[in-house]
Amino acid sequence: MVAVLVIVALIMGGLLAIVNHVTEGPIQKQADKALADGIKAVLGSDNLNVTANDTIRKEFDGKEQVFIVHKAADASGKDLGAAVESTTMGFGGDLKVLVGFNPAGEILGYTLLAHAETPGLGAKADKWFQKDGKASIIGLNPATPLSVTKDGGQVDAITASTITSRAFLKAVNQAYEVYVKQNTDAKSGATKKVAVK
């Protein structure tokens, strides 16, 4: 019996390893496409080139966090700003946001890259803060950090999802701080040029 179980376990482990290897490439390709589409969406342009992908490590609330700043330019080389990946802890787990900023630091758009928020409540963050949403942050400059009205701020929280709203705005504020201060007090990783197709 033990030998049979060991053989079955080895066969199943081998099959899982093969399936993982076969699906790894397509999954990564899909993730890259989703990121490229997200960058275009948050910067509001289909005609752009990502000129750098900088990995920034910055400390917030006593913990080092990792941000990725995707700098972009149009076909003529004009700076369009950057899309910044920022992650905070939401109600149900990590809330990963991609926020687009123009060179002046105004929010051009955002998209949720990953979240574990409650369907029907916290998951509304993907639309709630958009231009046509109930509490649009598009066009705002977070030089004065954005916060919910419950905390004395200027942004209406998602109904029954104040924790998610706070986490979302925290991710946006941190992305802004990294974007404007990346060359002064953050450690940057390697930069490489890539084209978004």
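1. A charge sits over a ring if NZ of Lys or CZ of Arg is within 6 Å of the ring centre and within 35 degrees of the ring normal. Here the charged end of K58 does that over the ring of F60, 5.6 Å from its centre.

2. Before going on, a word on what you're looking at: this is a predicted model, where local features need pLDDT of at least 70 and side-chain atom pairs count only at pLDDT 80 or more, while totals for chains, interfaces and linings use all residues. Residues are numbered from 1 along each chain as its sequence is written, and side-chain values use heavy atoms, with hydrogens and water left out.

3. Back to F60. Rings of Phe, Tyr and Trp (its six-membered ring) pair if their centres lie within 6.5 Å; planes under 30 degrees apart are stacked, over 60 edge-to-face, the rest tilted. Five aromatic pairs turn up in the whole structure. One of them joins F60 and F67 edge-to-face, at 5.7 Å between centres and 70 degrees between planes. Both F60 and F67 are buried (under 20% relative accessible area; exposed is over 50%, partly exposed in between; 1.4 Å probe, protein chains only).

4. What about F101 and Y179? Their ring centres are 5.4 Å apart and the planes meet at 10 degrees, so this pair is stacked. F101 belongs to strand β4 and Y179 to helix α3, so the pair ties together parts 78 residues apart in sequence. (Helices, H or I of at least four residues, and strands, E of at least two, are DSSP runs numbered from the N terminus.) F101 has a relative accessible area of 0%, and Y179 has 11%. Ring pairs also bring Y176 into a cluster with F101 and Y179.

5. Helix α3 is mostly covered, with 14 of its 20 residues buried.

6. Last, the strands, which pair if DSSP finds at least two bridges between them. β1 and β2 are antiparallel over 11 bridges, with N53 opposite H70 in β2. Their hairpin has two residues between the strands, and D61 takes a positive phi near 55 degrees. β2 and β3 also run antiparallel, joined by six bridges.
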